[in-house]
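Welcome! Please take a look at the sequence and structure below, and then read on for a short tour of some backbone details.

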Amino acid sequence: MALPKVCVIGAGSSGITVIKSLKENGIPFDCYEKGSDVGGNWRYKNDNGLSNIYKSLHINTHRDRMEYRDYPMPKNYPDYPNHEPIQNYFLSYVDHFGLRKHIQFKNGIKKAERTEDGLWKITPEKGPVKYYDALVVANGHHWSERWPDPAFPGKFSGQVIHSHSYVDPKTPVNCEGKNVVVLGMGNSAMDISVELSRPGVAKKVFLSARRGAYVIPNYLFGKPLDKLTEYTPHWVPFFIQQTLAHLLIRFGVGKMEDFGLPKPDHKFGSAHPTISQDLLVRLGRGDIKPKPVITELRGKKIAFADGTAEEADVLIYCTGYNIKFPFFDEDFLSAPNNYIPLYYKMIKPGINNLFFVGLMQPLGAIMPLAECQGKWIAQYLTGNYLLPSKEDMEKAIKRDQTKMQKRYVSSTRHTIQVDYDSFLYEMKEEMVTGKKRSAKLGNHLPIEARAELISEGRHDSSKSSRSSKKKLVSSR
């Protein structure tokens, strides 16, 4: 029986693990990548025009927690390697599993449209329009810059960039010998502030915070911090985990306000933590000056909520990203305020042949979660997994949304938040349950392979439209 043909958008860390699962299961596919090689955000100086990382970037999750389960990282890698060995790891992964020949490099997707009979009409940047039975979106969510909205009042006469543009102290703006204000309390803000505050780089570095955050080190008690917590059973209630983690940080790190940072207005675990081994030391030395949120831009000066104003030459916004899908019509699908209701961050109820991979912000790394999603999709497309009903998926999404809203600070940063260990466990459990549902009904293919018929000129569109509409009214 012919299997459905799949279009995969993106060959970053999520896209390559999806196509690995598709290939292993004999599912035909095409993968489109806008850049000239794999790696996405981890490819330094990526020529796709979207991904950009700074030269000093290191992973902030231990390598054992970041690696694909089917392809461990080399044991000679350091605990927290920089982007170069990580990119080499992705290159090795693609070559080891023979995936490169299946990727169309330097060829992004201009438009993705779902036809009346449920097929996907894909318009690439190069080459003819093609049709597919299913679509996997792995275009990442760290490329569309999010700026303060509303903008701060006034005007700044210095240079302004978003952290997405930052490469090193001289690129794209020269920060050496300058007064620099960095706005934000996420990982990028920490890394950039630390780098610029090194002796002989920036003259002064001010770190402006909208709200308080917990800054945790990579190492605690001589051990990688995320390795200390990886063996916590998934069934331990969150409030117990939260209490233990809060005590660990309280006595192992100290109070954030003792370092001049604002006191967090939430409990530990109710917002995405910031990881930095160096920031608190730099604050303690006076190399970085903490400031509250910006209130006004006054030419060469920037005013803050504590009533002070500082002269500045460069302003760097570390204010996150928007979730966007430039190849979809917004009327079809978008993510206003970065929210998009998906079953397990992957499936939109009612559309049984569209999948999102890596569209999450975990307390941990995305790669193993994306790997699990890729296996899930492959099992589904081969008839070995059956989705719940549309109604049950919508109920599950609502339960998850309610749970996250109770736990996390309201922010566009937390709309796709997941807990690494529990999310991975729950995905695996649902895959087992879905396999039982499918086996009970005879393991039928949920999506008919019809796209190839169009390319071969043997497709009766009117007949297919009538028959497929009956099959696509339910996501089951």
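## A positive phi at N443

N443 sits in the loop that runs between α10 (420-440) and α11 (451-455). Keep in mind that this is a predicted model. The phi angle of N443 is near 50°, a positive value in a residue other than glycine.

## A positive phi at K45

K45 also deserves a visit. This residue is not a glycine, yet its phi is positive, at about 55°. To find K45, look in the loop between β2 (29-32) and α2 (63-66).

Is K45 buried or exposed? Its relative accessibility is 64%, and since exposed means over 50%, K45 counts as exposed.

## Two cis peptide bonds

Next come the peptide bonds. Where does the loop between β8 (144-145) and β9 (154-156) hold P150 in the chain's backbone story? P150 is found in that loop, and the peptide bond leading from D149 to P150 is cis, with omega near 5°.

Another cis peptide bond joins T171 and P172, where omega is about 5°. You can find P172 in the loop between β10 (159-162) and β11 (179-183).

Conventions: Residues are numbered from 1 along each chain as its sequence is written. This is a predicted model: local features need pLDDT of at least 70, side-chain atom pairs count only at pLDDT 80 or more; totals for chains, interfaces and linings use all residues. Side-chain values use heavy atoms; hydrogens and water are left out. Helices (H or I, at least four residues) and strands (E, at least two) are DSSP runs, numbered from the N terminus. Buried means under 20% relative accessible area, exposed over 50%, partly exposed in between (1.4 Å probe, protein chains only).
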